[in-house]
Amino acid sequence: MEIKITKAAVLKEKPDSSTLGFGKIFTDHMFMMDWNSEKGWYNARIVPFGRIDLHPASTVLHYGSEIFEGLKAYRRKDGKVQMFRPIENIRRMNRSAERLCLPEIPEDLAMQVLTTFVELEQDWTPSAEGTSLYLRPFMFGNDESLGVHAVHNATYVIIASPVGSYYAEGINPVKIMIEDQDVRAVRGGTGYAKCGGNYAASNRAGERAAQQGYSQVLWLDGVERKYIEEVGAMNVMFKIGGKIVTPMLSGSILPGITRMSCIAVLKDKGFEVEERLLSIDELEAAMENGTLEEAWGCGTAAVVSPIGELCYKGVKYPVNNGEIGEVTQMLYDTLTGIQWGKIEDKFGWIQEI
Ligand code: PLP
Ligand code: COI
């Protein structure tokens with residue numbers, strides 16, 4: 001498809017790497033494309049970064065028809081820019097679209113517009129240690145009427161933000177509260193989709209945990225509040241008695257690309273990885289008898305985030321003496337090594353710009 005490019009008249013000054021934070025600064029342009037149930041996708045364009053005009057009855061404002069993705073472009077030592085497994089984000093976006101009755105984007109088209117946009121904005125990819133260009137594709141339903149039904153109009157947008165570490169703590173261990181009241185998602189619901197509503201509904205528990213000094217919550221399943229699902233907006237993994245255990249994808253868990261990549265690296269290094277149900281009782285027993293060796297969250301933003309303490313029903317359990325464990329560190333080093341082009345990508349995950 002032809003992409004019409006309108007360049008910004010004045011380019012912004014690039015920020016100093018030490019001031020980046022996460023998702024606060026945006027690049028000069030954004031990609032936009034519209035969809036209509038009769039016309040399909042049309043009007044692909046790159047325009048100066050700016051506000052989006054919405055009708056007050058626009059579907060997204062009332063019924064939450066919104067999905068998004070998150071991936072990064074990394075600057076290598078030789079100056080080239082590369083993305084990590086972008087096809088997986090494109091595929092997941094289409095699965096989210098199917099769940100929310102939003103339009104899917106043919107993979108070729110989604111890849112064409114993403115690479116065109118990143119090529120144009122690549123100078124914004126910072127080069128300091130641990131920094132990257134976070135790419136945020138998103139789509140929303142945009143009918144100008146209050147009827148509740150699958151939409152006939154939608155808009156797809158990609159914005160980009162140079163970022164530093166997601167957590168202020170960097171790769172230091174975080175404290176996690178096990179949430180036994182609110183749930184993030186249920187099977188049959190939208191847990192496996194990356195839709196905005198999932199995050200809106202998770203904020204109350206996150207706020208409660210923050211008030212008590214915890215960075216995030218560990219979610220339990222929505223039916224029995226018994227099985228472990230995710231940690232905050234990340235997948236979660238444990239090393240228990242030498243084996244790696246991670247909740248299996250049951251429909252209520254987001255199939256993380258970092259999760260998938262961690263599993264591949266772990267298996268490649270000879271670890272036994274169990275994707276299965278893990279109950280809070282089993283985890284509690286492992287915390288009490290000392291067989292819980294390591295715990296970490298994994299997601300694009302933080303890559304791998306060690307868990308240094310878990311709190312359940314008021315009891316605090318330190319994990320690995322509050323220090324980053326060996327497997328957690330190995331995963332962080334391997335994934336970031338591949339992402340920043342410091343080590344060989346034997347898995348074929350990298351796509352150069
Ligand atoms: N779980 C949730 C709820 C998320 O929002 C994310 C972030 O994207 C993840 C897990 C990790 O997914 P990925 O590794 O693809 O970033
Ligand atoms: C992740 O990349 O791990 C995320 O959860 C992104 C978040 C900002 C929604």
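**View 1. The shell around ligand 2, by residue class.** Seven nonpolar, two polar and one charged residues make up the shell around ligand 2 in this predicted model. Ten residues surround the ligand, and the closest are Phe22, Ala233, Gly299, Thr300 and Ala301 (near means a heavy atom within 4 Å). Domain 1 (4-163) and domain 2 (174-339) both contribute to this shell, so ligand 2 lies between them; the domain bounds come from an automatic or database domain assignment.

**View 2. Backbone contacts of ligand 2.** Here we look at polar contacts, pairs of N or O atoms within 3.5 Å. A backbone N or O atom of Ala233 sits 2.7 Å from an oxygen atom of ligand 2. For a polar backbone atom of Ala301, the distance to an oxygen atom of the ligand is 2.8 Å, and for one of Thr300 it is 3.3 Å. Taken alone, ligand 2 exposes 280 Å², of which the protein buries 87% (Shrake-Rupley method, 1.4 Å probe).

**View 3. The ring pair of Trp41 and Tyr156.** Rings of Phe, Tyr and Trp (its six-membered ring) pair if their centres lie within 6.5 Å; planes under 30 degrees apart are stacked, over 60 edge-to-face and the rest tilted. With centres 6.3 Å apart and planes at 70°, Trp41 and Tyr156 are edge-to-face. Trp41 belongs to strand β3 (residues 40-48) and Tyr156 to strand β8 (residues 153-163) (strands are DSSP runs of at least two residues, E, numbered from the N terminus). Both Trp41 and Tyr156 are buried, meaning under 20% relative accessible area (1.4 Å probe, protein chains only). Ring pairs also bring Phe31 into a cluster with these two, Trp41 and Tyr156.

**Notes.** Residues are numbered from 1 along each chain as its sequence is written, while chains are lettered from A and ligands numbered from 1 in the order written. Local features need pLDDT of at least 70, side-chain atom pairs count only at pLDDT 80 or more, and totals for chains, interfaces and linings use all residues; side-chain values use heavy atoms, leaving out hydrogens and water.

How values were computed: Polar contact = N/O pair within 3.5 Å; in protein donor to acceptor, adjacent residues only side chain to side chain. Nonpolar A, V, L, I, M, F, W, Y, C, P; charged D, E, K, R; others polar. Helix = DSSP H or I, 4+ residues; strand = E, 2+ residues; numbered from the N terminus. Buried < 20%, exposed > 50% of the residue type's maximum accessible area, 1.4 Å probe, protein only.
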